[in-house]
Amino acid sequence: MTELTVRVLTDDDWELYRTIRLAALKESPDAFAATYDEERDFSDDLWHERMARATRLVAEGADGPLAVASVRAQAPRDGTDDAMAELFGIWVRPEHRGQHVAVELVRAASGIARSMDCRHLSYWVGTDNGPAVAFASSYGFRVTDTRRPMVARGHQPTEEDDAEMMMILPLADDPGSVASTSV
């Protein structure tokens with residue numbers, strides 16, 4: 001792989017984010033709780049709102065945008081006062097998978113989470129998405145027993161719906177943490 005850069009998108013980059021997000025939804029429809037048909041008709045104003053709700057990252061190479069991910073602060077887990085950030089919406093173009101592009105996105109997201117004084121980074125992944133679970137585990141994310149239904153917006157969850165599980169990456173001075181730079 002040639003030169004790879006990961007950068008934070010600004011509101012001025014909303015059209016780039018929209019383009020790569022829609023490409024992700026089209027290529028990997030089962031990996032997200034949203035659909036291409038639902039998001040392709042979002043208004044420009046809604047895309048601007050989405051840019052403000054999270055930090056959006058893009059990995060770029062000589063071929064242009066290769067991958068996208070988002071990170072945002074979230075409420076502490078029940079029974080703790082631990083600040084946590086959430087990694088979500090991660091997607092890599094199929095021809096660039098297995099080339100450490102996702103690793104660089106997670107490194108950048110981890111750095112952003114640390115800068116928000118978060119001690120953990122969570123990542124919700126479909127329980128049937130073996131490649132994503134394997135990747136996250138290899139990076140140091142730990143499987144938890146926290147589950148939720150994975151359903152598209154506007155759909156009432158049922159017992160037949162696929163499930164997502166929360167995986168957690170320790171970020172700071174956790175004696176059980178796995179070094180995220182070892183991948």
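Which residue in S3 is the bridge partner of Val-58? In the predicted model, this partner is Val-68. The pair belongs to the contact between strands S2 and S3, which run antiparallel and are joined by seven bridges. A hairpin of two residues connects S2 to S3. Strand S2 spans residues 55-61 and strand S3 residues 64-74.

S2 also pairs with strand S1, residues 5-8. These two strands run antiparallel as well, with four bridges between them. Within this pairing, Leu-57 of S2 lies opposite Val-8. S2 is mostly covered, with six of its seven residues buried.

S2 is also among the elements that cover the buried residues of helix H3, together with helix H1 (14-27) and helix H2 (36-39). Helix H3 comprises residues 44-53, and its buried residues are Trp-47, Arg-50 and Met-51. Because these residues cover an arc of only 100° around the axis, they fall on the same side of H3. Asp-45 and Ala-52, on the other side of H3, are exposed.

The largest nonpolar core contains 31 residues. In soluble globular proteins, nonpolar side chains tend to be buried together. The members of the core that touch the most other members are Leu-87, Leu-121, Tyr-123 and Phe-141. At least two residues each are supplied by S2, S3, S4, H4, strand S5 (120-126), helix H5 (130-139) and strand S7 (163-170). H4 provides the largest share, eight residues.

The surroundings of Leu-87 were examined individually. When residues up to four places away in sequence are not counted, Leu-87 touches Ala-69, Ser-70, Val-106, Ala-109, Leu-121, Ser-122, Tyr-123, Trp-124 and Phe-141. Among these contacts, Leu-121, Tyr-123 and Phe-141 are, like Leu-87, listed with the core residues that touch the most other members.

His-96 lies in the loop between strand S4 (84-92) and helix H4 (101-115). The relative accessibility of His-96 is 10%, so the residue counts as buried, the cut-off being under 20%. His-96 and Leu-66 are separated by 30 residues in sequence, while their C-alpha atoms are 7.0 Å apart in space.

Note on methods
Residues numbered from 1 in each chain as written. Predicted model: local features only at pLDDT ≥ 70, side-chain atom pairs only at ≥ 80, totals over all residues. Heavy atoms only, no water. Buried < 20%, exposed > 50% of the residue type's maximum accessible area, 1.4 Å probe, protein only. Core = buried A, V, L, I, M, F, W, Y, C linked by side-chain atoms within 4.5 Å. Contact = heavy atoms within 4.5 Å. Pairing = 2+ DSSP bridges. Arc of directions from axis to C-beta.
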